[in-house]
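Visitor: I have a fold open on my screen and I'd like to learn to read it. Could you walk me through it?

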Amino acid sequence: MKIAIAGCGIAGTATGAFLARDGHDVTVFEQAEQCQPIGAGIMLQPSGQAIADELGVLDSIQQRSARLDGLDAFLTSGRPLIRLRYEALGPNTFALGVHRGRLFTELLQACENSGARVVTSTAIARHHIDSDAVHLVDEDGQTLGPFDFVIAADGARSKLRAASGIRHHQVLYQYAALWTTGPCTGIPDRLCQVIDGTQQLLGLLPIGEGQCSFFWGLRSTDYASLIDRGFDSWKTVATQVCPQSAELLQTIDSFDQLTFSGYRHVRMKSWHTDRVLFVGDAAHPSSPHLGQGVNLALEDASCFATALRQCNNFDQACKLFHKRRAAKIRYYQQLTRLLTPFFQSDIPLLALGRNIALPWFPRIPYVRTRMLQTLCGITSGWLG
């Protein structure tokens with residue numbers, strides 16, 4: 001089949017690699033002038049590791065990433081809020097702290113090595129059906145195609161989703177994040193978070209080779225006032241909140257060296273329409289509090305390729321894909337939506353309940369197991 005993929009990110013490259021490997025004629029369209037590694041750190045959970053292994057890139061990723069044995073969260077007072085260790089699920093269970101750009105580079109190479117073509121400087125705006133084929137239209141009005149079908153992997157702000165006509169519900173979170181990467185050797189093997197109420201959240205994620213990804217949560221509307229107060233003032237506060245971040249923060253001297261990004265939650269009535277399938281963040285973006293976005297995107301790629309291989313028909317493959325993915329995606333989206341206000345919201349009372357209950361949850365064996373299974377990305381639904 002002749003297939004177009006809109007978006008050359010994690011979902012787009014992984015899907016392109018799988019489909020081209022199966023012998024399809026795949027073209028990946030990217031709006032940027034050059035496909036290059038960008039982004040902060042991510043947690044490649046066991047679910048995502050399995051897909052990376054399918055694509056043959058896990059070993060090279062693991063060599064340059066940090067093995068994570070668990071996560072720790074503390075209040076600013078120093079009181080432990082939660083401590084989870086992967087070893088409770090088995091001695092060979094762990095996450096990988098990976099620079100997103102490193103994962104992307106490996107996936108892009110796998111995509112191109114599989115025979116997919118990557119076309120840059122082409123921002124896809126919409127599509128239209130013509131006879132037995134689908135065409136893409138870029139922002140310059142140029143028509144591309146024909147294709148047998150299209151994979152929409154153009155991210156959380158998907159233009160194809162907006163143009164698809166598929167009913168969807170979108171929530172723009174009031175909270176966002178500042179992030180960067182840099183040297184940090186004080187926390188080598190776990191995700192560390194420091195939390196104050198529901199309005200202050202700092203995270204350090206080791207990503208290998210002595211580097212960490214730094215995360216600072218804030219209200220989107222507070223970004224301008226943060227800049228007005230000055231970089232040095234903010235850095236002093238951040239270092240006081242988490243002294244382990246001092247090594248990283250001393251290497252930067254302005255807000256220009258941090259990236260500001262918001263996030264959103266989108267629930268689609270269906271992930272496919274006539275000759276178009278949505279995957280990854282184009283289909284089901286959520287807040288980053290469970291850290292599952294990349295892992296779910298990789299699973300989407302593998303699941304659809306398997307469904308198409310089994311059905312050899314786009315419509316039937318989409319239905320099989322939906323059947324296999326719906327419960328798991330619904331679970332992670334609902335849980336993320338439920339948990340987010342307990343960590344970033346304007347409801348301080350939620351922090352009180354969180355601080356009382358959360359430390360006790362891991363002490364209950366069944367609850368601890370469910371928490372770890374969810375973190376690992378291996379839970380298939382509320383009852384799975």
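Guide: Start with pairing: two strands pair if DSSP finds at least two bridges between them. Strands (E, at least two residues) and helices (H or I, at least four) are DSSP runs, numbered from the N terminus. This is a predicted model, where local features need pLDDT of at least 70, side-chain atom pairs count only at pLDDT 80 or more, and totals for chains, interfaces and linings use all residues. Residues are numbered from 1 along each chain as its sequence is written, and side-chain values use heavy atoms, leaving out hydrogens and water.

Visitor: What is the order of the strands in the open sheet of 6 strands?

Guide: In general, strands pair through backbone hydrogen bonds, either parallel or antiparallel. Here the order is S8-S2-S1-S12-S19-S18, with mixed pairing. S8 (117-119) and S18 (272-273) are the edge strands, each pairing on one side only.

Visitor: How many bridges join S12 to S19?

Guide: 3 bridges, and the two strands run parallel. Ile151 stands opposite Leu277 in S19.

Visitor: Now helices. Which residues of H7 are buried?

Guide: The general idea: an α-helix has 3.6 residues a turn, so residues three or four places apart point the same way. Buried means under 20% relative accessible area, exposed over 50%, partly exposed in between (1.4 Å probe, protein chains only). In H7 (residues 231-241), Phe231, Trp234, Lys235, Ala238 and Val241 are buried. They sit on the same side of H7 because their arc, taken from the directions from the helix axis to the C-beta atoms, is only 125 degrees. Asp232 and Gln240, on the other side, are exposed.
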